Amino acid sequence: MSPPRRSSSSHGDRTSTENLQKNNSSNSGVILDISTLKMAEVDSEVPPLPPRYRFRDLLLGDQTFQNDDRVQVEFYVNENTFKERLKLFFIKNQRSSLRIRLFNFSLKILTCALYILRVSLDNPKDTPCPMCQNNSLTNTTETPGEIKWGYIFWVNRRVPVWAIQVTVALISFLETMLITYLSYKGNIWEQIFQISFILEMINTVPFIITIFWPPLRNIFVPVFLNCWLAKGALENMINDFHRAIQRTHSAMFNQVFILICTLLCLVFTGACGIQHLERAGKELSLFDSFYFCIVTFSTVGYGDVTPQIWPSQLLVVILICVALVVLPLQFEELAYLWMESQKLGGNYSRHRAQTEKHVVLCVSSLKIDLLMDFLNEFYAHPRLQDYYVVILCPTEIDIQVRRILQIPLWSQRVIYLQGSALKDQDLMRAKMDDAEACFILSSRNEVDRTAADHQTILRAWAAKDFAPNCPLYVQILKPENKFHVKFADHVVCEEEFKYAMLALNCVCPATSTLVTLLVHTSRGQEGQLSPEQWQRTYGRCSGNEVYHIRLCDSKFFGEYDGKSFTYASFHAHKKYGVCLIGVKREDNKSIMLNPGPRHIMAATDTCYYINITKEENSAFIFKQEEKHNKGLPVTGLYDAPSRLPVHSIIASMVDQATSYGTVAIDLQNPDPPEESSKLTLPTENGAGSRRPSIAPVLEIADSSAILPCDLLSDQSEDETNQSDEEGSVGSDFVKGYPPNSPYIGSSPTLCHLLPQKAPFCCLRLDKGCTHNSFEDAKAYGFKNKLIIVSAEMAGNGLYNFIVPLRAYYRPRKELNPIVLLLDYPPDNHFLEAICCFPMVYFMAGTIDNLDNLLQCGIIYADNLVVVDKESTMSAEEDYMADAKTIVNVQTMFRLFPSLSIITELTHPSNMRFMQFRAKDCYSLALSKLEKVSCSGPGTQTVTIERDKGSNLAFMFRLPFAAGRVFSISMLDTLLYQSFVKDYMIAIARLLLGLDTTPGSGYLCAMKITEEDLWIRTYGRLFQKLCSSSAEIPIGIYRTESHMFSTSECKDSYLQSQVSINVEQGEEQRDRRESWKEKTAHRNSTTSDQSEHPLLRKKSLQWARRLSRKSAKPSSRAERISQQRLNLYRRSERQELSELVKNRMKHLGLPTVGYDEMNDHQNTLSYVLINPPPDTMLELNDIVYIIRSDPLAHMPEDSQVGQTRSMRNQQDFGTETRDETHL
């Protein structure tokens, strides 16, 4: 059935159906018109349904119906013509056109070679002349000075040379005609008047004519002009070559190549032309002509070879004019491309990438501080000295960065490329696929930090897509964006580390300085030239870093196989001075800090320890007496027996005789006392009534020897003590995991929580609600000091500030209330995350408003944390970004001098302005010491300090040493160090409480009181902690008191010693003693003074008499000026005190607490990391300890009960689990 018939039948079917519908509608669906129905059946037979309506055909298909309407269409038929095929072969196709141009280039070079061959075989005297008599130029009469024009128009061409030249000319002519035909676009004259076409005609048509007219066989043809055609063919060939291999060529290379080819063509044309024209005058050889051209174009002009006739002289003039026009244009283009290439940075060659090792640094904008921090830390490791650093930055190189990269130290190892990490071409220029690592850093100075994170995420994705096997080291700013780069090998989230570090600074002073020095590469020789004892000790201990080694390969820990971790840590510190802090099992990827005495060391364990240098760079030196007693040889020190009966260690920092980075460890064996473990508690009369002892550290853990930690059982204690002290802190707290995490990727941490979530209205500190009517911090009646955090807004990173302070291992009675002083009120999402934590409040206000500070309870605060604001991180002048923060902190420092203010700055160099005192001679001396020893390019002292490994120029600043100031850029070295130490990020997260590994300990601190001074030394404290509570000390935070006099300003540059002024009299001495009782920072008192009070009293009297004698020569004017200065200070202090009290009265706050705030201007604090065992303990020392995990020592029954209670208390927050902010 044909398609038209099907269409007509279907039309008839539709017509009959319509008639039936009309009839049915007229009869109202009751009476059917039978006659109409019969007539419709007679008129047209109902055809079968088309194939598209039949179910069988829909399943099986009707091939005949489908094939009837199919039309075969051929595409691109215009390319099948003969001309298009030729064009495709000769022009369009990259590879075939490259072969054609290579063949054409070879022909042109062959013609030039044939011309040189013809010139070398030519003899002008034998030149035939078909137009002359007797067909020879020798029979013509010669007159002096006449130009022999016949020698110019006719040459002596041998038959073989002529045959080859004719063949080449025919091929070139045919190829030129074909290319002209294929390139024809409607204008024939445009094709004819091209220079290349004209040169082809000049060099080919005469040879073709000689085939048909033999007398013209010896006519001169300027075949040497084919060098210009060869130049053009070579340029096109190189372009096609780069297109064929899909490689982006350098415009600089092309321009240099064009310039060289132009010079060669000019010289070759001039040499051949002058040589030929001089055949009619003074006959010059081809070499003499070449020599003349070189001398002329180089503007030397010796004059020994010169053209003699005017045609050759005219040719020289033309060539010089052409050179003066063409060459400067090409030199200008070359200079422009060179300047642009200097901005772009060029390429890192594939050959270098395959034979050398390099890393790629991707940044949004490169600043000098960021660059120097990276280079100093990266090249601080000896095995990275041969690495190259390729910087990929989208912005033009900065002037200061350019100057730095021109220094020979960096110019040979650092390559700057301007480009984007989102372009595969730029990643190919940097040879990302061959790089050892790729560092992607965020632009922290951006106002919109979220946008900066988005750029970092795209760069990380692009790098992973281009080079999947290249390790990625990514720096992210906000924690909510961290999960986008979870695929990276190492990720450092700035806000996570920042807030956790600031939080630990409140409970463990100077944690930021401790971690900064641990992740900073140093050799521990900073400050060794200083006359200050604390600077030498602080600088020596700052060289301690974290290293790792397998137990079976270690001399430090190899002998402790099968012993407990605590035993190995104590004896390794006692014998070698190294501090074992963590371990990792071979079958477990997690690092455990201080797993406790129940962890038995195995030969396959990886040990993590703190030391000046790694064990591989240590040389073991034994005393000669010990060698003779033990029968040890003098040589082969490292091969000595591992078990050495030694009890003390002196780590020698002088390594002139050792290799680079080697520390000599001096081991000695003094005779131990009979009762070394028995320590006498000092008494007032010198006779002790009891002798407390330090128990030895057991090789195998004994459950009865280790005091169980009661952190998880203090619920019962709180309940029992509640009757004695109602409303005690922590009486209604439970332990569990926070039910609401503000972002994806936060590690779950067991914390102190409220039994029920607090209403949002109760979180507001300064406003009452229906649940309570408190409107200031005083009304709450907190038992502990406050911790105030000043931030611009409640970001998700602020959650990491609260978690470490509410961790389950913090004693409940020591939990400090947290007040968030925010410029902008937080949103409900953030309040939902913090409402489950106890004693966490917020208040809208700023630190530059005194009323807000007083309302949030700054009088009752122990720590004030000032977080750097995002809106002030960028300024027109870079280093002015911290101006507002510094001035506001300085104001609070003057108003509340006893308050511990912890400030975050954008630029570390601005920390010298923290707690600034213009007339403080000691700070002035420290600044000069810093400038002399650690800064200033080109000085000899700087070179010495840099060779010693000094990269932290600000480490001796008092605010940094005391942990009062912090900059997130200090943690950049953490990401850089992870390239060599891949475990550093994990250890830092465990120390700061960001991650919790089962069985891993945590960082805390303990204070040395007068009852603890009987321990005397740090080594004995190590034994005491390991044997009693299985705690590992890692450092000391020491505070000293100094009184500075103004007379020290005169010689502070030459001598930075601090004189203690003891001429203040009994009144100031009593005031100082009362200040000791009230504050936490006391004057440093040695153990010798504590043991011998009579000696201490006599020494003070002697020092007082000596100070009086030395004070007599001082003039009366100096004493008056000193009294006037003290009066001025008192009057200013009183004025500030009256200001604060008036505002407190205006707000209705009591002024009792403000009178107790004293000035701590004369104290300095510093951190000692892993001090030697013989370091004497001093009063008020704060010891950093790593306490073992309490959950690891709990019996299984208690763990089950604890888990059940945590599960029950978490039920109230399950409904908000899905409200995670992306």
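I count a disulfide when two cysteine sulfur atoms lie within 2.5 Å. This is a predicted model, so I take local features only at pLDDT of at least 70 and side-chain atom pairs only at pLDDT 80 or more, while totals for chains, interfaces and linings use all residues. Residues are numbered from 1 along each chain as its sequence is written, and side-chain values use heavy atoms, without hydrogens or water.

Cysteines. By the disulfide rule I get zero. I checked cysteine 769: its closest cysteine sulfur, in cysteine 761, is 3.7 Å away, too far for a bond.

Cores. I define a nonpolar core as buried Ala, Val, Leu, Ile, Met, Phe, Trp, Tyr and Cys residues joined through side-chain atoms within 4.5 Å. The largest one holds 199 residues, and Phe439, Phe557 and Phe801 have the most contacts inside it. Helix H21 (residues 494–507) gives the most to this core, eight residues. A second, separate core has 28 residues, including Tyr348 and Cys470.

I then looked at Phe557. Leaving out residues up to four places away in sequence, Phe557 touches Ile549, Leu551, Ala572, Val578, Leu580, Cys607 and Tyr609; contact means heavy atoms within 4.5 Å.

Surface. I found a nonpolar patch made of Trp149, Phe153, Trp310, Leu314, Val317, Ile318 and Val322, with about 690 Å² of accessible area together. Patch residues have over 30% relative accessible area and no salt bridge, with nonpolar side chains joined within 5 Å. Helices H7 (149–153) and H14 (310–344) each give two or more residues. H14 gives the most, five.

Note on methods:
Patch = residues over 30% accessible without salt bridge, like charges linked within 9 Å, V, L, I, M, F, W, Y side chains within 5 Å. Areas by Shrake-Rupley, 256 points an atom, 1.4 Å probe, with all protein chains shown as cover. Salt bridge = Lys/Arg side-chain N within 4 Å of Asp/Glu carboxyl O. Helix = DSSP H or I, 4+ residues; strand = E, 2+ residues; numbered from the N terminus. Buried < 20%, exposed > 50% of the residue type's maximum accessible area, 1.4 Å probe, protein only.
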